[in-house]
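Q: Could you show me, step by step, how to read a model like the one below?

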Amino acid sequence: MKVLQSKSLSRSLLKGTVLNFGLQLANRNLNKNNFWQTLLVGAAGGFGDYFGGNTAMGAIIGGGNALINKTKDFSTAIKYAAIGGAADLLLKVKEAKAEELPGKDVWTILEDYHLPKGDLRPHSQRGNEAGCAQATLDSIAEYLGKAIKTAKYYEGYDFTMLAKLNDIYADDLDKMLVGKRKINVPNIVGSYLNRGFPAALTYNNDGIQHIVGINRIQKERKEIIDKKGVVSEKFRWRVQIMNPLNEGSLEFISISLFEAGLVSIVRP
């Protein structure tokens, strides 16, 4: 909440300052002798805007400029209040347009791979360094409606071996050569998800092999317009996992960890 208030105050101070300099210039009252006074009155008007809105800002700027310009015409406050409202509206319109600019973190989903019966259910491992294989298998087994016999929550385990102990069969997927690297290809893994084959991912998590369930894979596109108006496209893959380490929450993992990890496809 404090961050939002800070941004709002900064915006009001900027608006009041810019508005007052503009008014003084428009009325040919700005000179080197009253520069700092104009700046202070504009800042004071900004505080007025932040705490009381455009009318308060206009009253402060109108009264302040009347003193700076040595005039008793305090009725100019009303005029400044109206101008302040117009300035505020203009700023809001510009901000709205900025939000609508193509390419400003607006991603469009092109491909969406996920299990047909919904998300993997959250399952949490019991320790910080072990139990992720069991928790991932529990989640996948629940999705498939299969019973679990093991309770390996406090020891590390290979996912495919643990699945076999529970009469659930999983195959480690071979990586494909893409360029000069052998990697897991997102749309190939995604095609298994779409056909109802759950998948687990084993990857290096800061030196510890960690196992998660793969919940969803998406390909996204974003349009980018540079300063010269040249339009280009950017693409990315996003991999959502069921993470036993974080109480089974659904979160996204970097594509590099996905590509380098071991994917295990579970037979339904």
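A: Let us begin with two terms: contact means heavy atoms within 4.5 Å, while helices (H or I, at least four residues) and strands (E, at least two) are DSSP runs numbered from the N terminus. This is a predicted model, in which local features need pLDDT of at least 70 and side-chain atom pairs count only at pLDDT 80 or more, whereas totals for chains, interfaces and linings use all residues. Residues are numbered from 1 along each chain as its sequence is written, and side-chain values use heavy atoms, with hydrogens and water left out.

Q: What covers the buried residues of H5?
A: A residue is called buried under 20% relative accessible area, exposed over 50%, and partly exposed in between (1.4 Å probe, protein chains only). The cover over the buried residues of H5 includes H6, strand E5 (199–205), E6, E7 and E9. In H5, 12 of the 13 residues are buried, among them Cys132, Leu137, Ile140 and Tyr143.

Q: How many Å should H5 span, and how far apart are its end C-alpha atoms?
A: The expected span of a helix is 1.5 Å times one less than its number of residues. For the 13 residues of H5 this gives 18 Å, and the end C-alpha atoms are 18 Å apart, which agrees. After H5 comes glycine 145, which has a positive phi near 75 degrees.

Q: Which side chain of opposite charge is nearest to aspartate 138?
A: For charge, Lys and Arg count as positive and Asp and Glu as negative, while His and the chain ends are not counted. A salt bridge is a side-chain nitrogen of Lys or Arg within 4 Å of a carboxyl oxygen of Asp or Glu. Aspartate 138, which lies in helix H5 (residues 132–144), is buried yet has no salt bridge, and the nearest side chain of opposite charge is arginine 126, 5.9 Å away. Apart from neighbours within four places in sequence, aspartate 138 is in contact with His123, Ile148 and Tyr153.

Q: How many salt bridges does the structure hold?
A: Side chains of opposite charge can pair when their charged atoms come close. The structure holds 10 salt bridges. One of them joins aspartate 167 to lysine 149, at 3.3 Å from N to O. This pair links distant parts of the chain, 18 residues apart, with aspartate 167 in the loop between helix H6 (159–165) and strand E2 (170–172), and lysine 149 in the loop between H5 and H6. Aspartate 167 is partly exposed at 47% relative accessible area, and lysine 149 is exposed at 58%.

Q: Is glutamate 220 buried or exposed?
A: Glutamate 220 counts as buried, at 6% relative accessibility, whereas arginine 236 is partly exposed at 29%. These two residues form a salt bridge whose closest N and O atoms are 2.7 Å apart. The pair connects strand E7 (residues 231–243), which holds arginine 236, with strand E6 (residues 208–225), which holds glutamate 220, 16 residues apart.

Q: Which residues are linked in a network of salt bridges?
A: Asp112, Asp119 and Arg216 are linked in such a network.

Q: How many bridges join E7 to strand E8?
A: Two strands pair if DSSP finds at least two bridges between them. Here 5 bridges join E7 to strand E8 (residues 249–253), and the two run antiparallel. Glutamine 240 stands opposite phenylalanine 252 in E8. The hairpin of E7 and E8 has 5 residues between the strands, and in this hairpin glutamate 247 takes a positive phi near 60 degrees.
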